Amino acid sequence: VARAKGVNLDEDIVKKSMEFIEGFPDDGTASMQRDVRDGRMFELEAMNGSVKRYGKETGVPTPVNNFIYAALKPQEMLARTTGKLG
């Protein structure tokens, strides 16, 4: 999606990203995961929503991202309307 949008990425970006992620502690969590767990608002539209939209716009399939978005959208809507998750 990034390349289709004209973002200049290193050829080894996936390898570098995976090495970076693998350096995290085993018990580490992402900020969005902590927000979901704690019932706080989270950046679903800014993160997964933008990948979903840009994928559709550029014709690049994003099935995993679309699944994650669909799975988290109900929780995000609940947090928006109630200020917390169920």
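**Close-up views of a predicted model**

**View 1. R53 and its partner E45.** At 45% relative accessibility, R53 counts as partly exposed in this predicted model. R53 forms a salt bridge with E45, and the closest N and O atoms of the pair are 3.3 Å apart. E45 is likewise partly exposed, with a relative accessible area of 24%.

View 2. The side chain of K73 meets that of E45 in a salt bridge, at 2.7 Å from N to O. Because K73 lies in helix α4 and E45 in helix α3 (residues 44–58), this pair ties together parts that are 28 residues apart in sequence. K73 also meets E76 in a salt bridge, at 3.3 Å from N to O, and these two residues, three apart in helix α4, are separated by about one helical turn. Whereas K73 is partly exposed, with a relative accessible area of 23%, E76 is buried, at 1%. Through shared partners, salt bridges join E45, R53, K73 and E76 into one network; a search of the whole structure finds eight salt bridges.

**View 3. The largest nonpolar core.** Six residues, M32, V36, F42, L44, Y69 and L72, make up the largest nonpolar core, to which α2 (31–38) and α4 (63–82) each supply at least two residues. Leaving aside neighbours within four places in sequence, Y69 is in contact with L44, E45, N48, G49 and K52.

**View 4. A nonpolar patch on the surface.** V14, M18, F20, I21 and F24 form this patch, and together they have about 520 Å² of accessible area. One of them, F20, lies in helix α1 (residues 13–22) and is exposed, with a relative accessible area of 56%.

Note on methods:
Residues are numbered from 1 along each chain as its sequence is written. This is a predicted model: local features need pLDDT of at least 70, side-chain atom pairs count only at pLDDT 80 or more; totals for chains, interfaces and linings use all residues. Side-chain values use heavy atoms; hydrogens and water are left out. Patches are made of residues with over 30% relative accessible area and no salt bridge: like charges are joined within 9 Å, nonpolar side chains (Val, Leu, Ile, Met, Phe, Trp, Tyr) within 5 Å. Accessible areas come from the Shrake-Rupley method with a 1.4 Å probe; for residues, only the protein chains shown count as cover. A salt bridge is a side-chain nitrogen of Lys or Arg within 4 Å of a carboxyl oxygen of Asp or Glu. Helices (H or I, at least four residues) and strands (E, at least two) are DSSP runs, numbered from the N terminus. Buried means under 20% relative accessible area, exposed over 50%, partly exposed in between (1.4 Å probe, protein chains only). A nonpolar core is a set of buried Ala, Val, Leu, Ile, Met, Phe, Trp, Tyr and Cys residues joined through side-chain atoms within 4.5 Å. Contact means heavy atoms within 4.5 Å.
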